[in-house]
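Subject: Structure handover

Hi,

Here is the structure I said I would pass on. Please open it first, then read my notes below.

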Amino acid sequence: MGSLLFDDEVASDLDRLEAAWQAAETFAFVPRKGPVAPSWIEQALASLPGSLQQGHFALLTSGSTGAPKLVVGARSRAEQLARLLHEVQHSEPVTETVVLLPLTYCYALVNQWLWARLFGRALRMTTGLGDPAAVRRTLDGARDAMLCLVGAQAQLLARHFGQEAFGGVIRVHFAGGPFPQRELPTIHRMFPRAQVYNNYGCAEAMPRLALRRAEDGASPADLGAPLPGIELQCDQTGRLLFRSPFAAVGFVDEQGFHALPPGALVPTGDLGRPGPAGRWLLDGRDGEVFKRYGEKVAVSAVVGKVLEHWRGEASYVPTPDALGEPGYVLVLAPVPSEDEARQVLRTLRAHFPRPHWPLRLEGLPALPRLDNGKVDRVGLAAIGERSVHWRQR
Amino acid sequence: MTDRERLKALLIDTFLLDPEEFSFDLRRAQVDTWDSLGVVSLAVGVEQTFGYHLTPEEAMSLDGVPALVAILQREGISCGG
C-alpha cells in the first residue's frame with residue numbers, strides 16, 4: 001500500500017516531497033483540505049495493482065463533475081515529459097520558477113517542481129495570490145523566472161499588479177482553462193520580457209498535451225499543436241481524445257481502479273476539432289454541450305462571446321427549464337449595472353438564437369474559486385443569493 | 001406598475017430589446033427575435049404576467065405590438081395608450 005503526503009507537510013518542508021519522489025513506494029500527494037477523507041485515498045492506493053505499488057505517484061482531481069478521482073502516473077514518464085517541456089518551451093535560459101499554484105496540482109508539480117529538480121533550477125514557493133504583497137516581493141526579486149498560472153489568475157494578477165512591470169520574469173505559462181487572450185496586452189505589460197504560452201492538457205495526461213506561443217493565435221480556443229509524441233483526435237461526437245507516452249497509467253474513482261493501457265486513446269473531458277496547420281481548437285467541456293429545442297448549445301461558446309463584451313468574469317450553472325429541457329443560468333461577477341446587463345443581453349441577441357440564451361442572467365460580487373484558481377462550479381450552484389437581472393419568459 | 005408598463009417590460013425581456021428600440025407601434029417584422037420560439041415565449045410571458053392564455057392561433061397571428069394590445073384590451077387588460 002502506498003503512502004500519503006499532504007500539501008501542508010510539503011509547504012513546511014519541501015524535502016518531504018523529494019523524499020517521497022525518491023522512495024520506491026508509490027505515494028499520493030494531496031491537499032489536507034480535500035474533497036475526500038484520507039481514508040478514501042488510502043483505500044484507493046490499496047486498490048492499485050501490485051505493479052503500480054512502486055515508482056508511481058498519485059494526485060487527486062475532481063474534474064468537471066466534482067466527483068473525486070485519484071490519477072496515478074509513472075514517475076519516469078513525468079520526468080520524460082518535464083525534459084520534453086524544457087525543450088519545447090525553450091526553458092534553458094530560465095533560472096528559477098515562482099510557484100503560485102498548489103503543488104498538488106499536476107501542472108505545478110511537473111512543469112515547476114519536477115522541472116526545477118531535473119534541471120537544477122531554483123523553486124520559489126509562495127502562498128499564492130491570496131497574499132499579493134508577498135507575491136509582489138517575490139516577482140520583484142525574480143531573475144529570469146518562469147511562472148505557471150491558470151487562466152483565472154490573469155485577471156487577479158491584472159487587478160493586483162496591472163500597472164506594474166516585472167522584468168525578471170521571462171516565461172509565463174497558462175493552463176487549466178481557457179487561455180486568457182483578452183488579458184494578453186496586460187500580461188505583456190506586466191511581464192515585458194516574457195514569452196507567453198498557452199499550455200493545454202488534463203490530469204490524465206499528467207498533464208500536458210499541446211502548446212502554442214500566445215502570439216501564434218488570436219483565439220482562446222486555439223490550443224496550438226500537440227507536443228512531440230502526442231496524438232490528438234476527436235470522435236464523432238466531438239470529444240477530444242489523446243494518446244500520450246507520458247499519460248497516467250490509471251485512476252481510481254468511486255467505481256474502483258481503471259487502467260489506462262499504453263497507447264490507449266483517453267478522453268480529455270473536452271470537446272475539440274482540428275484547426276489549420278496541425279493546430280487544435282477547443283469547443284468547450286464535454287457535458288457543456290446539450291440539445292435545447294433541437295439546437296446544439298455550447299455554453300462555453302456563449303460565455304466566451306459574453307466575455308468579449310463584459311469587463312468582469314462569467315460562469316454558468318446548468319439548470320433545466322420549467323418543461324425539463326436542459327438550460328443554464330449565466331452568472332456575471334461583479335454584479336453588473338443595468339447598462340452592463342443590457343450590453344450582455346445585446347451580445348446574446350446579436351450572436352445567438354434563442355435556444356442558446358440562458359434561462360436567467362444573474363450577478364454575484366465574485367465567483368467562488370477552488371484552490372487551483374478555477375471557478376468552483378459546485379459552490380457557485382449552491383449560492384442562493386444571486387441578483388437576477390433578466391429571465392427568459 | 002401599470003399594465004402598459006408591465007407589457008413593455010415583458011416585450012423587452014422576451015425579445016431582448018433595447019428600451020430605446022421599443023415602441024407600442026412595433027411590428028413583428030421589425031424584431032429579429034420575434035421568431036417561432038419567440039412566439040411561444042411571448043405566449044408564456046403573457047400568461048405569467050396577465051393571466052391570459054393566448055390561443056395558438058392568436059399567438060401566431062400577432063403581427064405586432066398593436067395586435068397584442070388589442071387582444072389584451074378585449075380581455076379587460078388596459079394596455080392601450
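The contact between the chains takes 11 residues from chain A and 12 residues from chain B. Two residues are in contact if their C-beta atoms, placed from the backbone, lie within 7 Å. On the side of chain A that touches chain B, helix α10 (residues 338-351) gives the most, with 5 residues. By class, that side has 5 nonpolar, 1 polar and 5 charged residues. Nonpolar here covers Ala, Val, Leu, Ile, Met, Phe, Trp, Tyr, Cys and Pro; Asp, Glu, Lys and Arg are charged, and the others, Gly among them, are polar.

This is a predicted model: local features need pLDDT of at least 70, side-chain atom pairs count only at pLDDT 80 or more, and totals for chains, interfaces and linings use all residues. Residues are numbered from 1 along each chain as its sequence is written, with chains lettered from A and ligands numbered from 1 in the order in which they are written.

Now the cores. A nonpolar core is a set of buried Ala, Val, Leu, Ile, Met, Phe, Trp, Tyr and Cys residues joined through C-beta atoms within 7 Å. Buried means 20 or more other C-beta atoms within 10 Å of the residue's own; exposed means 12 or fewer, partly exposed is in between, and C-beta atoms are placed from the backbone. The largest nonpolar core has 90 residues, and those touching the most other members are A:L70, A:V72, A:A108, A:V110, A:L147, A:V169 and A:M206. Helix α5 (residues 106-119) of chain A gives the most to this core, with 9 residues. Another core, of 39 residues, lies apart from it and includes A:V299, A:L348 and B:L7.

Next, strand β4 (residues 69-74) of chain A. Helices (H or I, at least four residues) and strands (E, at least two) are DSSP runs, numbered from the N terminus. In β4(A), 5 of the 6 residues are buried. Strands pair if DSSP finds at least two bridges between them. β3 (residues 56-61) of chain A runs antiparallel to β4(A), joined by 6 bridges; A:L59 has A:V71 as its bridge partner. β14 (residues 250-253) of chain A is also antiparallel to β4(A), over 3 bridges, with A:G250 opposite A:V72. Beyond four places in sequence, A:L70 touches A:A28, A:I41, A:A44, A:A58, A:L60, A:F251 and A:V252.

Last, A:L364. Where is A:L364 placed? A:L364 sits in the loop between β22 (360-363) and α11 (377-382) of chain A. A:L364 counts as partly exposed because it has 19 C-beta neighbours inside 10 Å.

Best wishes
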